[in-house]
Amino acid sequence: MESIVFLGFNLYAWITIATVLAMFSVLLFTKLRADLVFLGAISILFVTGVLDAKEAFSGFSSTSVVIIGVLFVVVSGLTHTGVLQWIVKHLLGQPKSYSKAVVRLMLPVAALSSFLSNTTVVALFVGIVKMWSKKLGISPSKLLIPLSYASGMGGVCTLIGTPPNLIISGLYADNTGTPMNVLATTVPGLFCLFIGVLSIIALRKLLPDRKAPESAFESTGDYTVELLVPSDNPHIGETIEEAGLTNVQGGSLIEIVHYDDVTSPVPDDEIIMGGDRLVFAGQVDEILDLRKSHGLVNADHHVFTMSEIDKNRQLRTAYVNFGSSLINNSIGESTFEKENNMTLVAVARRGERINQSPRSVVLQAGDTLLFECPPRLNISTDKLSSQVQFFDSSQVPNIGKKTLISTTIMILMVVLSALKVIPLLQCAFLAAMAMLLFRCCNVDQAMKAINWEILMVFAGSVVLGVAIQKTGIAERLAFGILDVCGSNPIVVMTAICFVGTFITEFISNTAAGAMFFPIMYEAAEKLGYEPYPFLIALMVSVSSSFATPIGSPTHMLVYGPGGYRFSDFMRIGLLMNLIILAANIFIVNILYPLTPLQ
């Protein structure tokens, strides 16, 4: 099979190319879980003989993948002892201008993201930034994109801050036998962060000024509310007009459901019956006044008397998470309300009128939902928080002795690794054990903190890199780039980083790092230079995704709460990509002068 050559690639290389293209297409255009897609790609490469058993499963024993898994436990200890919340509380303050607010927000976020999961940091900050922006009189949409950008730029500053850094440094160590220092990317990362903060301030007019989605339930008419007629309602037997429900203050009746019979538009002489569901469009606060004035209730199940309703229940606002099982489903067809003892009252979708019952709306990521909830709803359960994010869900653990202990453990892990006293893998294991030993988190919390889906993606990314290198694809692409760009090493470095920056807008930065590592490594060696500075530049590039909300999980976290549209990221993100690329190439070549191979 290897003897069959077409366009310079053998059959194994073409199988690898087809597998990679198919995998990325599936990730882009379907909702299949990423870990299953990567597992499928590994299976194809193994079954077709592209990789042997040792190579196919090399990702699962990769040092960088193991480190990522262990770091989940370390982060769990920091989270459960309130370290992140303490930092947020004491660092944001009350800045007097937008520029100062951006600096006060982005620097702490970047610092935290240098050592912790970017997603964890942004998830913590989202609710706090929304409340903070209200206090400052700034639209949340002006601060949430900078929040997400800061987490990405901060993650680049250490090898443990973002997965591609670990993957690329791990592959470099495998190829050369020399491990990178945990702080190898610190100075380039800080320089790019400094340029990034200045760019955000300078380009702030390109940031959208959107209303916060939860304000949809205060002032807009672009949502629907469904109310139910109890069996003891005094208006039963009257027409819609006689009951005064044709044109209510703040909205209008758009649909009435008699059992399974839907009537829309609703005629004035339609008779009201017990169990009817009335769907209104308009302003939530005024329409909900109908519950009191006309004896109606929220519609999740039939109510026979008003005495059945719990008067202590309260309204709370949430948005649909990316990856939620509610996406492409309606609340009415699911068991969500019953499982969580809450009722969906209204749905809003960024200015788009939804002319149907809220419980019949097929939900999308970022939709804003208004729920009627019991007074003591536990919104921090894993099952609930994976589906919807409540705007007031920031849980603040008690700050105490364990906060100091977990912080000390984290600092010792970084210092011992940076000074090469103990290798990073051993440091991570010792830190995780210390977190459990000092009860900064318990075993259940530690196990729940490990994201097995992400680890599968990381392992799959390593295997893809092995296949791209083994089949000669990296070498051929490296030669192709050299043919186009010539023998100038800075031009070649810039070209590969440029492509890497824009590829990572559509695929995970981990996959981009694994895919471009062999290409960059081969290109550097073909030019006769030490690959180290080329790979430092690559680390920054594959984590610099600013132009699409799908470019980073943190962008997805702020997408709904910020009320953003897809194009909002492109307006400022395309310029940010180019600015950070230029800063990256400049600083790397200043700090790490290109050295010819010995």
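Predicted model: local features only at pLDDT ≥ 70, side-chain atom pairs only at ≥ 80, totals over all residues.
1. Basis. Local features need pLDDT of at least 70, side-chain atom pairs count only at pLDDT 80 or more, and totals for chains, interfaces and linings use all residues. Residues are numbered from 1 along each chain as its sequence is written, and side-chain values use heavy atoms, with hydrogens and water left out.

2. Make-up. The protein has 24 helices and eleven strands (DSSP runs: H or I of at least four residues, E of at least two, numbered from the N terminus). Of its 598 residues, 54% are buried (under 20% relative accessible area, 1.4 Å probe, protein chains only).

3. Cores. The largest nonpolar core holds 140 residues, and Leu147 and Met413 have the most contacts inside it. Such a core is a set of buried Ala, Val, Leu, Ile, Met, Phe, Trp, Tyr and Cys residues joined through side-chain atoms within 4.5 Å. H21 gives the largest share of this core, twelve residues. Another core, of 18 residues, lies apart from it; Ile331 and Leu369 are among them.

4. Met413. Leaving aside neighbours within four places in sequence, Met413 is in contact with Leu71, Val74, Ile160, Cys427, Ala428 and Ala431 (contact: heavy atoms within 4.5 Å).

5. Helix pair. H21 (residues 509–527) packs on H22 (residues 532–542) at about 155°, with axes 9 Å apart. Axes are lines fitted to C-alpha atoms over the stretch in contact, and angles run from 0 to 180 degrees between N-to-C directions. The two helices are therefore roughly antiparallel (over 145 degrees). Residues making the contact include Phe516, Phe517 and Tyr521 of H21 and Phe534 and Leu538 of H22.

How values were computed:
Parallel < 35°, antiparallel > 145°, perpendicular 65-115°, else oblique. Buried < 20%, exposed > 50% of the residue type's maximum accessible area, 1.4 Å probe, protein only.
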